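Hi everyone, thanks for coming.

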Amino acid sequence: MSANTLTITDNRTGKQYEVPIENDTIKAMDLRQIKTSDDDFGLMTYDPAFMNTASCKSRITFIDGDKGILEYRGYPIDQLAEKSTYLEVAYLLLHGELPEEAQLKEWTRNITYHTFINENIKTVMDGFHYNAHPMGMFEATLGALSTFYPDAKQIFDVECRRKQIYRLVAKVPTIAAFAYRHRIGMQYAYPDNDLGYEGNFLNMMFKTTELKYKPNPVLERALSVLFILHADHEQNCSTNAMRSIGSAQTDPFSSLAGAAAALYGPLHGGANEMVLRMLKEIGSKDKVPDYIKRVKAGEFRLMGFGHRVYKNYDPRARIIKQVADEVFEVTGKDPMLEIALELERIALEDEYFVKRRLYPNVDFYSGIIYQAMRFPVDMFPVLFAIPRTSGWLAQWVEMLEDPDQKIARPRQIYLGHKTRDYVPITGRKLPATASANA
Ligand code: ACO
C-alpha cells in the first residue's frame with residue numbers, strides 16, 4: 001500500500017476505501033464512491049464556512065497563521081513593505097515575478113494612461129443621493145463600468161484581459177475619490193497623470209483651489225505601504241466571491257463589484273471602520289479596563305482583534321504600527337492612538353485573549369492612520385478595496401487558467417420536506433411551528 005493514501009472504513013457497510021493524499025489533502029470527490037447501496041448518492045463533506053476545505057490550488061499568497069507569516073509570490077510582506085511600491089507589488093501579484101526596470105516603466109505607463117473615467121460614469125455617480133455611502137457608490141459604479149466595456153466579456157483573450165486589468169487597477173482610485181467628492185458635495189478632481197499612483201489618489205481626494213496639488217511624500221509613501229499590506233490575502237471572503245462569480249465566466253467589472261460587496265461587511269473590510277467607532281465609544285484611556293471587562297463578558301467583540309487564519313500577531317499589524325509613527329510625525333498624534341495602545345497592552349496580557357490567541361489584526365491601526373490622513377471613516381472599506389483590486393484580479397486570472405476549475409457550485413444537505421402535493425389556498429392550515437416569515 002502506498003504511504004500517500006488514506007484508508008477509510010465505512011462502519012455502515014464494513015467496506016474499506018483507499019483514497020490518495022496529495023498536498024496533504026484528499027479530494028472531496030473521492031468520497032463520492034462511499035455508498036451504502038447502488039442508488040445512494042455517495043458521501044459528501046459538510047463545511048459551511050470553508051473551515052477546512054481548499055477551494056483551489058494557488059501560487060499567489062502564502063500565509064502561515066500560527067507563525068504570523070505572509071508572503072506574496074514567496075516574498076515576505078515586511079520586505080515588500082520596506083522596499084517596494086504598491087504598483088510594483090500589483091505587478092508581482094498579477095505576473096508572478098517582480099518586474100525588470102523596463103517592465104515596471106511599461107506597467108506604470110499603462111496604469112497611468114487608464115486613470116480617467118468616461119464622463120457618463122460621472123453622470124451615473126451624480127445620480128446617487130447626497131449622503132450615499134462611498135462603498136455603495138464604489139460597488140455600483142464598478143458594476144456600471146461593465147456596460148462601458150463590453151469587450152471585457154472576452155475573458156479568455158489574454159490581450160483583452162490585460163487591458164481590463166489596466167483599466168481596473170487604474171480606475172479604482174478615481175472611482176473611490178469621486179465617490180468621496182460626491183458625498184461631500186465637492187466638484188470632482190480629475191486625475192493628474194504627472195503624479196504617482198498614490199499621489200494622484202491624494203490629489204483626487206483633497207485638491208481644492210491650488211493649481212497643482214503637491215502630495216506630502218511621507219503620506220504618499222504611507223499610503224503605498226498600506227496598499228501593499230492590503231493587496232492580497234489568499235482565499236478570504238471577498239476573494240472567494242471574486243473567484244466564485246468569475247467562475248460563471250462573468251466579466252471582471254461585475255465580478256469585482258461582487259468582491260467589493262463582500263469586502264463591505266463588518267467582519268471583513270468593514271472592520272477598520274468599526275475599530276474607530278469603538279475607540280470613539282471608549283472615549284479615553286482610563287475607560288479601557290471597563291470596556292475589556294464587557295468584551296470578556298460577551299457583550300460585544302473587540303474590533304480589530306482576532307483573525308480566522310492568524311493565531312499569532314498579524315504581520316501586517318506590526319508594519320502598520322511603524323507607518324503610524326511616521327504619519328503622526330506629519331499630521332500630529334491622533335488621540336485615538338493612546339486608547340488603541342492601551343487596549344492592545346491590556347488585551348495582550350489578558351488570559352481571555354491569550355487563551356483564544358486573539359491578537360491585533362491589520363485593521364486595528366489602519367483606521368487610525370487613515371483618520372489622521374483626513375480620510376473619513378466611511379471611506380475605509382473603499383481604501384481597502386483599491387489595493388485589493390490587484391489581488392482579486394490576480395486570483396481571478398489564476399482561476400480562469402486553472403484546468404481544475406469549473407463553475408462554483410457547492411452541494412447542500414437537504415433537510416426540508418419530502419415530496420408533497422400542492423394544497424389549494426382554501427385547504428391550507430399552517431402547522432403550529434411554521435413561521436410566517438419563513
Ligand atoms: N473579541 C472578543 N472575543 C473574540 C474576538 C474578538 N474580536 N474574536 C474572537 N473572539 C472569541 C470568540 O468569542 C470565541 O470565544 P469562545 O471560544 O469563548 O466562544 C473565540 O474567540 C473564537 O472566535 P471565532 O468567532 O470562532 O473565531 P473566527 O475565526 O470565526 O472569527 C473573526 C474571526 C471574524 C475575525 C473574529 O475574530 C472577529 O469577529 N473579530 C472582530 C472583527 C474584526 O476585527 N474583523 C477583521 C478581520 S481582518 C480582515 O478581514 C481584514
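This is a predicted model: local features need pLDDT of at least 70, side-chain atom pairs count only at pLDDT 80 or more; totals for chains, interfaces and linings use all residues.

Residues are numbered from 1 along each chain as its sequence is written, and side-chain values use heavy atoms, with hydrogens and water left out.

Okay, helices. Helices here are DSSP runs of H or I, at least four residues, and strands are E runs of at least two, numbered from the N terminus. Let's start with α2, residues 86-95: nine of its 10 residues are buried, so the rest of the structure largely encloses it. Buried means under 20% relative accessible area, exposed means over 50%, and partly exposed is in between, with a 1.4 Å probe and protein chains only. Among the buried ones are Y86, E88 and L94. Just after α2 comes G96, with a positive phi of about 95°.

Now α6, residues 158-183, and its neighbour α7, residues 197-206. Their axes sit 8 Å apart at an angle of about 20°, which makes α6 roughly parallel to α7. The cut-offs are under 35 degrees for roughly parallel, over 145 for roughly antiparallel, 65 to 115 for roughly perpendicular, and oblique for the rest. Axes are lines fitted to C-alpha atoms, for helices over the stretch in contact, and angles run from 0 to 180 degrees between N-to-C directions. Helix α4, residues 119-126, also packs with α6, at about 40° and with axes 10 Å apart. So α4 and α6 are oblique to each other.

How many salt bridges are there? The count comes to 20, taking a salt bridge as a side-chain nitrogen of Lys or Arg within 4 Å of a carboxyl oxygen of Asp or Glu. One of them joins E401 and R161, at 2.7 Å from N to O. That pair links distant parts of the chain, 240 residues apart: E401 is in the segment after α17 (380-400), and R161 is in α6. E401 is exposed at 51%, whereas R161, at 5%, counts as buried.

Last, the surface. F41, M44, Y46, I413 and L415 form a nonpolar patch there. Y46 is in the loop between β2 (15-20) and β3 (61-64), and counts as exposed at 65% relative accessibility.

Terms used. Patches are made of residues with over 30% relative accessible area and no salt bridge: like charges are joined within 9 Å, nonpolar side chains (Val, Leu, Ile, Met, Phe, Trp, Tyr) within 5 Å. Accessible areas come from the Shrake-Rupley method with a 1.4 Å probe; for residues, only the protein chains shown count as cover.
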